[in-house]
Amino acid sequence: MKRSSPIAVTLAFLGYVVMIVPILFVVATAFTDGDALTFPPEGLSLRWFEAAISYEPFTRALVSSLQLALISTVLALGIGIPATLAIMRGRLPGKSVVEGLFLSPLILPELVVGLALFQQFMIHLEMDNFRTLLIGHTAILLPYTVRVTGASLALADPALEDAARGLGASAWRSFWTVTLPVLRPGIISAALLSFVTSFNNVPISLLLQSRDFRTLPVTMLDYVQQNYTPIVAAMSTLLLAGTVVLAFAAERILGFARIFGGINR
Amino acid sequence: MTTAAEFVAVSRHFGDFTAVDGLDLTIREGELTTLLGPSGCGKTTSLRMLAGYLAPSEGQIWIGGEDVTRTPPEKRGLGMVFQSYALFPHMSVADNVGYGLKLRKVPRAERARRVAEALELVGLGHLADRRPKALSGGQQQRVALARAIVIRPRLLLLDEPLSNLDARLRVQMREEIRRIQAEAGLTVVLVTHDQEEALEMSDRMVVMNGGRVMQEGPPDELFPAPANRFVAEFLGYENFLELPGRGLVTVRPELLELRGEHLEAAGHGTAPATAVPATVTSIAYRGVELRVALDAVDATGATVPLIASVRRDAIDSRDLPALLPGGRVTVGADPGHLVRLSA
Ligand SMILES: Nc1ncnc2c1ncn2[C@@H]1O[C@H](COP(=O)(O)OP(=O)(O)O)[C@@H](O)[C@H]1O
Ligand SMILES: [Mg+2]
């Protein structure tokens, strides 16, 4: 293996420090026995974790966020994968226009998307805020699913599908038995990325929230604006733990290189 | 001789570009037919139309006495080996080979037997459980071959099957493919740009250029009698010149005779009726042979480059000075060795 230069090692180290140290502060403060969000923590206890998981607005928002992230991820994949196939393998005219359409939410400010949805769907069409949120989240996830599965499809040999057809598979059968399995790592990475993006989204969720349906990041944001207790640090630590477990599971099942390389070789 | 497949006036356009231009071609049952031609001449396009991946812009394709022009690939019952092999990366070697049988709903036990048989035929019985990526290029190709023949295809189509292999393996696989063809009794259409491969492997070869057939026939008939300059050049002929009363002719380098003063005196053959004056431009030694490059003046007065291949021991040492660059000699050939070309 090539030895990295000392400068690169130092920069990488500094990078990790800048990213991880503030997170460690949050984690440490979550274990405090005191009543204030301070560092160093006063004493050691799990009481703020207890408080976090029994604080009804948080638990309700957590369920809402998971619901929203899960459904919008499924929708984004359900629309994004066929769209990617059509853009890259199909013979539709004006491919680049369609591609641009699917990728455009990536460059539009999310607040603008949120506001537009608010005016059109909630005010004019009187749609409830969960459905409007689903539309908004699906729209911002689509570019990720199209990009990531597209990268994976670009690396796959187009002759694979021809080979399946030649051996007797209908177009549909070849899609299920060859195209989809070959794209699987790309689809899984698109799903993870989408789920996390939706779960963490603030701008759209902030604009489209209502009393009965609120996402966790928005609820936590509201909470910190009014209170300054370690319960937020505890909730953040739980989310962090959840993310680590998810990432670890993904790594065990597929390996990061394959997820983010996105190709089944 | 039964007809296995037929192209009837088939053309294929891509926009303004015509990749295949009025192709008429008969593939005979049990034979190995090669489509030979330079890159871009329409070989792959023709093969893909035969397989059903590409629709002809005009004309019809017949397979086994049936018009299949509008039949999708999965209903044509052909086996194809792609240039990239196109093995399914998420399946084992055995599952790759068994894919077509599974689609045909062949029962599990029979499927396993036929997969094992096909892998034996290509000499890979011991690798059935591997993933394709764990195989060498040569082995991957054999898997692709096994996958294509296990379904007992009406035709086996091979697109440049040997071009990704190293030189030694390539020569070895030529015989291997012939052996498999004979053992499985297959009709094969093979695409290649390698004339040596085509000459060695084909029962019939079809030389293509610019989307058209230039000439077709068995190698032993086609090679000694190329129809035109393109075919001759593609088969490796090098000497082209106009001779009075004979039109454009070509002669193989080893059949060209050089005459200096002493060569003639030494009585090498009779004076050819078709001699032209020439000047030596360069000489290269190749083992016992001497390759002499010359500029000759042909019947039209044009200067044409010629290559003569001469055995060193056939040269009188007194003639050697004439065989230096700038030396003046006479070039000729036995009229029986001249091949007339149409253009
Ligand atoms: N899908 C396509 N679109 C446009 N041009 C094509 C397409 N496929 C092939 N061609 C053109 O048709 C010609 C013949 O191609 P091909 O049949 O692949 O040649 P070969 O296999 O003899 O090298 C080439 O000039 C190629 O660029
Ligand atoms: Mg080709």
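The following paragraphs describe two interfaces of a predicted model, one between two domains of chain B and one between chains B and A. Local features require pLDDT of at least 70 and side-chain atom pairs pLDDT 80 or more, whereas totals for chains, interfaces and linings use all residues. Residues are numbered from 1 along each chain as its sequence is written, chains are lettered from A in the order in which they are written, and side-chain values use heavy atoms, without hydrogens and water.

Chain B is divided into domain 1 (3–231) and domain 2 (237–340), with bounds from an automatic or database domain assignment. The C-alpha centres of these two domains of chain B are 42 Å apart. Their contact (heavy atoms within 4.5 Å) involves 5 residues from domain 1 and 6 residues from domain 2. Between them, about 500 Å² is buried, 65% of it contributed by carbon and sulfur atoms; buried area is the accessible area (1.4 Å probe) that two parts lose on being put together, summed over both. On the side of domain 1 of chain B, B:Phe223, B:Pro226 and B:Arg229 lose the most area, together 81% of what that side buries. The count of salt bridges between the two domains of chain B is 0, a salt bridge being a side-chain nitrogen of Lys or Arg within 4 Å of a carboxyl oxygen of Asp or Glu.

Between the chains, 21 residues from chain B meet 21 residues from chain A. This interface of chains B and A buries about 1,800 Å², with 61% on carbon and sulfur atoms. Chains B and A are joined by 2 salt bridges; B:Glu74 and A:Arg165 form a salt bridge through their side chains, at 2.8 Å from N to O.
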